[in-house]
There are 2 protein chains.
Amino acid sequence: MGDDRLQFVHFDDVKAFELAAGVTGRPLFGAGAMINLIELQPGSIVPLHSHPHEQLGIVLRGMQALVIDGEAHELGPMEGYVLPGGVEHSAYCGPEGALVVDIFQPVREDYRDRWHALP
Amino acid sequence: MGDDRLQFVHFDDVKAFELAAGVTGRPLFGAGAMINLIELQPGSIVPLHSHPHEQLGIVLRGMQALVIDGEAHELGPMEGYVLPGGVEHSAYCGPEGALVVDIFQPVREDYRDRWHALP
């Protein structure tokens with residue numbers, strides 16, 4: 001059964017990989033989309049970047065701000081977003097950090113490669 | 001700005017639509033993927049169905065079981081799944097109901113139509 005078939009996981013059992021200093025992701029890869037459960041430690045930031053993939057998300061705990069065109073969009077629990085592909089963004093979190101469900105379509109193959117290469 | 005552009009929402013402000021008796025969804029539509037935040041009331045079920053869309057999800061609260069080929073996969077908080085397109089499935093929840101982030105790719109245009117038609 002490959003990564004794109006029926007899967008059930010507990011995210012506690014999913015290996016985490018580092019996205020930025022203090023920011024880790026626990027991914028679940030489908031065929032055409034993926035979940036990345038990201039955890040931001042207090043004080044961590046995701047530097048400005050972009051990717052062609054569409055990204056959606058929902059904040060589960062804490063506060064995550066998405067900064068786009070210099071404007072910070074602060075999102076708390078049960079707030080969601082859609083970020084079209086190609087839009088430069090950075091992120092920071094509140095003093096308690098944040099837990100966020102990120103979704104990418106298509107799959108971030110760079111993430112798949114990095115995650116499968118974890119020891 | 002169309003549905004597929006930059007969006008920020010609080011799911012409390014998103015209109016809910018009925019998926020089955022006692023099961024509602026609050027959607028966030030991107031261009032190629034969507035979130036559906038579904039809430040199952042205790043005792044509710046989602047009847048057997050299938051769709052060509054790939055579906056992923058993560059349980060936030062309570063228990064949701066996905067039944068595939070007669071086998072029930074019971075998922076609690078922080079458990080996730082990938083369901084390939086075309087796989088028949090039904091669902092039920094635990095005695096406390098469930099709150100689940102469902103993700104579809106591509107977008108369920110039937111959901112988009114129904115949601116936009118809400119009063």
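A:Arg108 counts as buried because 21 C-beta neighbours lie inside 10 Å; a residue is buried if 20 or more other C-beta atoms, placed from the backbone, lie within 10 Å of its own, exposed if 12 or fewer, and partly exposed in between. The model is predicted: local features need pLDDT of at least 70, side-chain atom pairs count only at pLDDT 80 or more, and totals for chains, interfaces and linings use all residues. Residues are numbered from 1 along each chain as its sequence is written, while chains are lettered from A and ligands numbered from 1 in the order in which they are written.

**Surroundings of A:Arg108**

- A:Arg108 belongs to the loop that lies between strand 9 and helix 1 (109-116) of chain A; helices (H or I, at least four residues) and strands (E, at least two) are DSSP runs, numbered from the N terminus.
- Leaving aside residues up to four places away in sequence, A:Arg108 touches A:Met34 and A:His53, where contact requires C-beta atoms, placed from the backbone, within 7 Å.
- From A:Arg108 to A:Ile35 the C-alpha to C-alpha distance is 9.9 Å, although 73 residues separate them in sequence.

**Chain A as a whole**

- Chain A contains nine strands and one helix, in the order β-β-β-β-β-β-β-β-β-α from the N terminus.
- The radius of gyration of chain A is 14 Å, which agrees with the value near 14 Å for a compact globule of 119 residues; the radius is taken over C-alpha atoms, and the globule rule is 2.2 Å times the number of residues to the power 0.38.
- The C-alpha trace of chain A spans about 45 × 30 × 25 Å along its principal axes.
- Of the 119 residues in chain A, 36% are buried.
- Of the contacts in chain A between residues at least 6 apart in sequence, 65% join residues at least 24 apart.

**Relation and contact between the chains**

- Chain A is superposed on chain B by a rotation of 180° with 0.0 Å of shift along its axis, at an RMSD of 0.0 Å; this is the relation of a two-fold axis. The same surface serves both copies, as 100% of the contact residues of chain A recur in chain B.
- Superposition is by least squares on the C-alpha atoms of residues with pLDDT of at least 70 in both copies.
- The contact involves 33 residues of chain A and 33 residues of chain B. On the chain A side, strand 1 (7-10), strand 6 (54-68), strand 7 (71-75), strand 8 (79-83) and strand 9 (89-105) each supply at least two residues.
- Strand 1 of chain A pairs with strand 8 (residues 79-83) of chain B in the antiparallel sense over four bridges; two strands pair if DSSP finds at least two bridges between them. A:His10 has B:Glu79 as its bridge partner in that strand of chain B.

**Strand 4 of chain B**

- Seven of the seven residues of strand 4 (residues 34-40) of chain B are buried.
- In a regular strand the side chains alternate between the two faces of the sheet. Both faces of strand 4 of chain B are covered, with B:Met34, B:Asn36, B:Ile38 and B:Leu40 on one side and B:Ile35, B:Leu37 and B:Glu39 on the other.
- Strand 3 (residues 23-29) of chain B runs antiparallel to strand 4 of chain B and is joined to it by seven bridges. These two strands form a hairpin with four residues between them, and B:Val23 has B:Leu40 as its bridge partner.
- Strand 4 of chain B also pairs with strand 9 (residues 89-105) of chain B, antiparallel and over seven bridges; there, the bridge partner of B:Leu40 is B:Ala98.

How values were computed: Contact = placed C-beta atoms within 7 Å.
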